[in-house]
Amino acid sequence: MDVRLTRAGNRIIGLAMMMVVSAVIGTVVVAAARTPSRPTPSPPAAAAAAPTKPPLPTKYVVLTFDDGPDVAYTPKILDILAKYDAKATFFEVGKNVVKHPELTKRIHAAGHSVENHTWTHADLRKLSATAFRQEVSSTDQAIRAQLGSTPACLRPPYGGVNATVRQRAKALGKDLVVWTIDSRDWTKPGTTAIVKRVLTSVHSGSVILMHDGGGNRSQTVAALPTILKSLKAQGYGFRTLTC
């Protein structure tokens, strides 16, 4: 049978279909609105910058102190160095390290370098191979017991160096270190003379010899503040020795 809709009937069906489509679209929109959106990932946090050490001074001197540690003078020298923010290298005698281990630890903790100056302050040029090794190795052991590390620099007492000393030091893995400026403070020439000897010929890279042990070093203690003030006023910084 043929079913024909009137124009009014067609209009009613069309309206009904539009209502159904609108309802479907509305449902999709509402569902989309209710679905939580995924958060936009944050950019990865930048890695924390590693702490940087201050650059080494380009104009500098190397302060060195021999024959300690000494309970009377080493602490005073350490206090003065701290006051002027100066670092130094201490060439220590092994038997004194054993006597005053707390001073070796204090020197190291303050950021100074601790190195080898033999066990008894012996002239290495006059020793047998066995005695040479004993003087150096025993001091290494004493320092290592306090710091957990072995010094690589060796200062020969009296600056005594010859071909044999060089060869034996090398065999023990040591670099020999002497000096370029000798304050001769051990002669006790007076505070003014010590200051003058250090400052008269100083230049960048100078290795300055003074003493914190081995005798009365009160003149060295008295001279040190003037030396440090003058060096800093001239723009010098301070480096320590590492071999």
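**A close look at the rings**

Author: Going by the rule that rings of Phe, Tyr and Trp (its six-membered ring) pair if their centres lie within 6.5 Å, the count here comes to one aromatic pair. Phe65 and Phe90 are the partners: their ring centres are 5.3 Å apart and their planes sit at 25°, so this pair is stacked (planes under 30 degrees apart count as stacked, over 60 as edge-to-face and the rest as tilted). Since Phe65 belongs to strand β1 and Phe90 to strand β2, the pair ties together parts that are 25 residues apart in sequence. Strands (E, at least two residues) and helices (H or I, at least four) are DSSP runs, numbered from the N terminus.

A quick word on the model: it's a predicted one, where local features need pLDDT of at least 70 and side-chain atom pairs count only at pLDDT 80 or more, while totals for chains, interfaces and linings use all residues. Residues are numbered from 1 along each chain as its sequence is written, and side-chain values use heavy atoms, leaving out hydrogens and water.

Back to our pair: Phe65 is buried, with a relative accessible area of 0%, and Phe90 is buried with 0% too. Buried means under 20% relative accessible area, exposed over 50%, and partly exposed in between (1.4 Å probe, protein chains only).

Other rings have charges over them, meaning NZ of Lys or CZ of Arg is within 6 Å of the ring centre and within 35 degrees of the ring normal. Lys59 has its charged end over the ring of Tyr236, 4.5 Å from the centre. Over the ring of Tyr60 you'll find the charged end of Arg239, 4.0 Å from the centre.
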